[in-house]
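Please look over the sequence and the model before reading on.

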Amino acid sequence: MSLVQAIQGYLSHSSLCKETESAVVVGLHIVRLLREAECCYRCCLRFTRCRDMDIYKTMEQHIFDTIEKENYECQSVVMSVTVPLSVLHRNYLMALHIGDHLPAIEGAKEEWEKLPVYDCKDPLKTLLTGPLVDRFGWSVDPVAAPLRLTFVLEHEETAIEHRFLTQVKEPVLKIRKTRQKRVSVIAGESRSAVLEALNALDKKEVYGLTAIPPVPLTHSAILKNIAMVHEPTIVGVGRYLKMSREYSQTPWIIGGKRLADLSVSETIEEKIKEYHRCTSCKFVSAGREDANVRMLGTGRPFYLELINPHKPTLSQEEYTAMEEEINQLPTKADIQVRHLTRIRPADVNIIKQGEEFKRKTYRALVWFTEPVTDEIITKVNTAGAFPFIIYQNTPLRVFQRRSAAVREKEIRACHLDKFPGEDPAHSRFGILTLTTQAGTYIKEFVHGDLGRTLPNLSSLAGVVGADLLELDVMNVDLEWPQ
């Protein structure tokens, strides 16, 4: 079929008129009006309601070269096109012009006003879909695709044309200047606001506000940007060990000042980002320890949420290789990871639920105000042989960021030993082993927090006071990874 035959075919079925021959006449008349207004051929196809995408011109291949450079690994994509704002009012004005100059054919005007002009984004999307499928093997899924691809077109020449809508007697479009992050910006020019203003417009009034048909363009729209963003992905789960008392779990910054030079999350994230080629990571763990607390034993469960990953999935071999690389970094004496693997997104609920129900085991070096006698050890171990409840007011050290409350926590086991190597008759040091409910403030249980935690270690031991010198987390009782 020739191009002329294809055009005649779609015009005859274009619903521009009920009669086939009349529809062709009306269609050609509309094309003449559009060309006289210097509209492009694609707009002629849109205004005559052409759905045959083979007639539209194909896209430039350099667009797809840009996509290829990003090198996303996925099977499906959701695609959107952002066109210049001026398309809205220019469509409206051109439709008015055509409606005023249709040929005197019965039913032509009624049919014209019945259906809207085809959105220019529809043929653009269709033209883009074919090359995407052919070149990258992607399918287009507007519902479940993880990769969002947005083509942004811009036309500076008509960027403020729509502001004639603010000059009507009762303007719906209200533009104002405002400040966002100390920068002056124009607000009120959204697509929905412009569409609302066009729908409320008195057609008689518009002729005195702007040119109909619109003034011909001297430059075409340009492709300003191709935005590609992959949805966040949950990966990289495992456990970490922290053998140093110099690392915070995540960057520790207060008032713009960094209080710990290194963090566990930053150490792990760099390799994760390298393998998954993601923009950033969100580190999530089953609780946290203070910077001066070590995380030993089997390690603390964690996972990472990848932001805009170019390679969202890895093989188990790649996770194993990544784990080995992390464990051979210059920080290997301080930070280690175990069991890196993939999980299902639903599995993250295990960590969230564990925040409330998991058990943790600690080992602490403690000091008493008097020598640690057999009597003190007996008192503590007798009380700690069975689970017991403590009541903790919000600790003074976190009061500025936590709400005031009395928290009921369970100490499930508590055992005190003398510190080895010290003179048994004079040593005031002991090794305390605790198994507690998640969320228990261990430091406050040891020193009592000025009576805000009761009972506490000193009250169990029957001494004036006790203090915690060093603390290690020995176990986080959570089945992770699954």
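Where is the place of proline 455? Proline 455 sits in the loop between β19 (453-454) and α15 (457-461). Helices (H or I, at least four residues) and strands (E, at least two) are DSSP runs, numbered from the N terminus.

The model is predicted: local features need pLDDT of at least 70, side-chain atom pairs count only at pLDDT 80 or more, and totals for chains, interfaces and linings use all residues. Residues are numbered from 1 along each chain as its sequence is written, and side-chain values use heavy atoms, with hydrogens and water left out.

**Cis peptide bonds**

- Most residues other than glycine have a negative phi, and most peptide bonds are trans.
- The bond from leucine 454 to proline 455 is cis, with omega near -15°.
- A cis peptide bond also leads from isoleucine 212 to proline 213, with omega near 0°.
- Proline 213 lies in the loop between α9 (203-206) and β6 (222-230).

**Positive phi**

- Arginine 277 is not a glycine, yet has a positive phi of about 50°; this arginine is in the loop between α10 (264-276) and β12 (280-285).
- Arginine 277 is partly exposed because its relative accessibility is 28%, and the class runs between the cut-offs for buried (under 20% relative accessible area) and exposed (over 50%), with a 1.4 Å probe and protein chains only.
- Asparagine 308 has a phi near 55°, a positive value in a residue other than glycine.
- The loop between β13 (293-307) and α11 (316-326) holds asparagine 308, which counts as buried because its relative accessibility is 11%.

**Nonpolar surface patch**

- Trp252, Ile254 and Leu259 form a nonpolar patch on the surface, with about 290 Å² of accessible area together.
- Patches take residues with over 30% relative accessible area and no salt bridge, joining like charges within 9 Å and nonpolar side chains (Val, Leu, Ile, Met, Phe, Trp, Tyr) within 5 Å.
- A salt bridge is a side-chain nitrogen of Lys or Arg within 4 Å of a carboxyl oxygen of Asp or Glu.
- Accessible areas come from the Shrake-Rupley method with a 1.4 Å probe; for residues, only the protein chains shown count as cover.
- Isoleucine 254 belongs to strand β9 (residues 253-254) and is exposed, because its relative accessible area is 51%.

**Arginine 42**

- Arginine 42 is part of helix α3 (residues 41-47) and is partly exposed, at 36% relative accessible area.
- Arginine 42 and threonine 267 are 225 residues apart in sequence and 53 Å apart in space, C-alpha to C-alpha.
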